[in-house]
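Colleague: I'm new to this one. Can you walk me through it?

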Amino acid sequence: MPRRRIGFWYRFAAVICKPPLVVLIKRDWRGMEHIPAEGGFITAVNHNSHADPFAYAHYQYNTGRVPRFLAKSGLFRKGFIGAAMRGTGQIPVYRETTDALSAFRAAIDAVERGECVAFYPEGTLTRDPGLWPMVGKTGAARVALTTRCPVIPVAQWGVNELLPPYAKKPHLRPRKTHHVLAGPPVDLTRFYDREMTPELLKEATEVIMAAITRQLEEIRGEKAPAMPYDPRQERIEQRRRTQAQHGRDRSGQEEGQGT
């Protein structure tokens, strides 16, 4: 919706969260001109720290278009947290449904109402050794192709230095800089008017992830790996290595018993 629709709960959250963010993190924020002034859209953002949703929300709050993050539907039923989630307009994801489109129905509805829905397409903190974006999940592409809304690729870097992935304690000194770079909308028009197959969604997701990665390359001043890290493939390879090791161990035991 237009920029004026922020609401009490989001302003209340900003009053609580912004002061420590301002104290702890310097800002290098670019690309705000690519955030649409009105109408529904998606931002697709990389994820490399448990603290970066707060820092990224601060960035986008300052554009006047507050992000509505996706979260497990169960969180919306838990006391004060649930009230805050509902009050700030966060988006429940109904993962218990067997219908993939229904799982994102609330996100589709929010976009169609003119809201911004912020996606972390990786679905979790990156596990890439260099903290580059991983292979993405298809939810953002599904919502984008259903609504035909703009998809704004956003890269961020620096909060991971304050709170590294899976770290329990922040590194407060020296003061870190939160770099954010939003890019122009990703062109997904070639995927319109086509059957939304898993293959098509995968291809559209790859286009979105490539755009995010290019933004992060600009921030970091270096090239990303040629192939994005795929945690599913890594699990498969790990199982193969484990099975091969067990096979070698069993063979060694049998040879030892035969001597």
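Modeller: First a term: helices (H or I, at least four residues) and strands (E, at least two) are DSSP runs, numbered from the N terminus. This is a predicted model, where local features need pLDDT of at least 70 and side-chain atom pairs count only at pLDDT 80 or more, while totals for chains, interfaces and linings use all residues. Residues are numbered from 1 along each chain as its sequence is written, and side-chain values use heavy atoms, leaving out hydrogens and water.

Colleague: Is Glu 112 buried or exposed?

Modeller: Glu 112 counts as exposed, because its relative accessibility is 52%. Arg 105 is partly exposed, at 36%. Those two residues form a salt bridge, with the closest N and O atoms 3.8 Å apart. A salt bridge here is a side-chain nitrogen of Lys or Arg within 4 Å of a carboxyl oxygen of Asp or Glu.

Colleague: How many salt bridges does the whole structure have?

Modeller: A search of the whole structure finds nine.

Colleague: Which residues are linked in a network?

Modeller: Asp 28, Arg 30 and Glu 218 are. Asp 28 meets Arg 30 at 3.8 Å, N to O. Arg 30 also has a salt bridge with Glu 218, at 3.7 Å between the closest N and O atoms.

Colleague: How exposed are Asp 28 and Arg 30?

Modeller: Asp 28 has 24% relative accessibility, so it counts as partly exposed. Arg 30 is partly exposed as well, at 32%.

Colleague: New topic, the sheet. In what order do the strands come?

Modeller: Seven strands form an open sheet, in the order E1-E7-E6-E2-E5-E3-E4. The pairing is mixed. Two strands pair if DSSP finds at least two bridges between them.

Colleague: Which are the edge strands?

Modeller: E1 and strand E4 (91-93), each of which pairs on one side only. The twist averages 25° from one strand to the next. For that angle, axes are lines fitted to C-alpha atoms (for helices, over the stretch in contact), and angles run from 0 to 180 degrees between N-to-C directions.

Colleague: How many bridges join E1 to E7?

Modeller: Six, and the two strands run parallel. Lys 26, for one, has Thr 177 in E7 as its bridge partner.

Colleague: Are E6 and E7 parallel or antiparallel?

Modeller: Antiparallel, over four bridges. Gln 156 stands opposite Val 180 in E7. E7 (residues 176-182) is mostly covered, with six of its seven residues buried.

Colleague: And how do E2 and E6 run?

Modeller: Parallel, with four bridges joining E2 (residues 41-45) to E6 (residues 151-157). Ala 44 stands opposite Pro 153 in E6.

Colleague: Now pockets. How much space lies in the largest pocket?

Modeller: About 1,400 Å³. A pocket is an open set of points, on a 1 Å grid over the protein atoms alone, where a 1.4 Å probe fits and protein lies on both sides within 12 Å along at least five of seven lines; lining residues have an atom within 4 Å of a point. Grid points are joined across faces, edges and corners, and the volume is the space filled by probe spheres set on them.

Colleague: What lines the largest pocket?

Modeller: It has 49 lining residues, and Phe 69, Leu 70, Ala 71, Met 85 and Gln 90 lie nearest its centre. H1 gives the largest share, nine residues. By class, the lining has 32 nonpolar, eleven polar and six charged residues. Ala, Val, Leu, Ile, Met, Phe, Trp, Tyr, Cys and Pro count as nonpolar, Asp, Glu, Lys and Arg as charged, and the others, Gly among them, as polar.

Colleague: And the second largest pocket, how much space lies there?

Modeller: About 750 Å³. Its lining has 30 residues, with Met 134, Val 135, Gly 136, Lys 137 and Asp 230 nearest the centre. H8 gives the most to this lining, eight residues. The classes are 14 nonpolar, six polar and ten charged.

Terms used. Buried < 20%, exposed > 50% of the residue type's maximum accessible area, 1.4 Å probe, protein only.
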